[in-house]
Amino acid sequence: MEQPPKPTTRVQIGKALLDRSTYLLGLGFTTAVFVVSYFYAPPDLPTVTICLFKNLTGLDCPGCGLTRAFCSIAKGNISKGFWFNATSPMIFFMFALWWVRSLLHLAGLTRPANIIDAPFRKWPLLTGMAVIFVAAWLVKLILHFPS
């Protein structure tokens, strides 16, 4: 098992604690998302919405349906998750990678964690994911208003 070098100065110790707490927070947050998604069963048609955009415009925002989609995907129903929000499988996969990455860093396995990190440090991938997210939302809006 590959171990990172031991910090020697107060600054290095502080940075190491901050890094560790960041990975713990990431692991805790993604674990909570997955656990809640697995056990929570929202209705297919929401009765109440807390989405400010939807409440003001009556239209879905780009993230509308993600909670229901994550709940479906966590239970193994990827096609239903895709129906709720077309980008949900991609986002769920990113959360899974974030969970694995955090776990690897906490276990001291920095090399495999850095392999997972590497593609996300490049702007084309992040930009492409953002474009897909917005494009899926625009298609949903266009389908909402047939001519």
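A residue counts as exposed when its relative accessible area is over 50%, as buried when that area is under 20%, and as partly exposed in between. The legends below use these terms for a predicted model.

**Figure 1. Arginine 121 and aspartate 117 are joined by a salt bridge.** The closest N and O atoms of arginine 121 and aspartate 117 are 3.4 Å apart. Arginine 121 has a relative accessible area of 58% and is therefore exposed, whereas aspartate 117, at 8% relative accessibility, counts as buried.

**Figure 2. A salt bridge links aspartate 44 to lysine 80.** In this pair the closest N and O atoms are 3.1 Å apart.

**Figure 3. Lys54, Asp60 and Lys140 form a network of salt bridges.** The structure as a whole holds 5 salt bridges.

**Figure 4. The largest pocket has a volume of about 780 Å³.** Its lining is made up of 33 residues, and those that lie nearest the centre of the pocket are Pro46, Cys64, Gly65, Leu66 and Arg68. Helices α3 (66-74), α4 (78-84) and α7 (123-144) each supply at least two residues of this lining, and α7 gives the most, with 6 residues. By residue class, the lining of the largest pocket divides into 21 nonpolar, 7 polar and 5 charged residues.

**Figure 5. Val35, Tyr38 and Phe39 make a nonpolar surface patch.** The patch covers about 350 Å². Valine 35, one of its members, is found in helix α1, which spans residues 10-39, and with a relative accessibility of 43% valine 35 counts as partly exposed.

**Figure 6. The protein has 7 helices and 0 strands.** From the N terminus on, the elements run α-α-α-α-α-α-α, and of the 147 residues in the protein, 30% are buried.

Definitions and conventions
Residues are numbered from 1 along each chain as its sequence is written. This is a predicted model: local features need pLDDT of at least 70, side-chain atom pairs count only at pLDDT 80 or more; totals for chains, interfaces and linings use all residues. Side-chain values use heavy atoms; hydrogens and water are left out. Patches are made of residues with over 30% relative accessible area and no salt bridge: like charges are joined within 9 Å, nonpolar side chains (Val, Leu, Ile, Met, Phe, Trp, Tyr) within 5 Å. Accessible areas come from the Shrake-Rupley method with a 1.4 Å probe; for residues, only the protein chains shown count as cover. A salt bridge is a side-chain nitrogen of Lys or Arg within 4 Å of a carboxyl oxygen of Asp or Glu. Helices (H or I, at least four residues) and strands (E, at least two) are DSSP runs, numbered from the N terminus. Buried means under 20% relative accessible area, exposed over 50%, partly exposed in between (1.4 Å probe, protein chains only). On a 1 Å grid over the protein atoms alone, a cavity is a set of points where a 1.4 Å probe fits but cannot get out, and a pocket is an open set with protein on both sides within 12 Å along at least five of seven lines; lining residues have an atom within 4 Å of a point. Grid points are joined across faces, edges and corners, and a volume is the space filled by probe spheres set on the points. Ala, Val, Leu, Ile, Met, Phe, Trp, Tyr, Cys and Pro count as nonpolar, Asp, Glu, Lys and Arg as charged, and the others, Gly among them, as polar.
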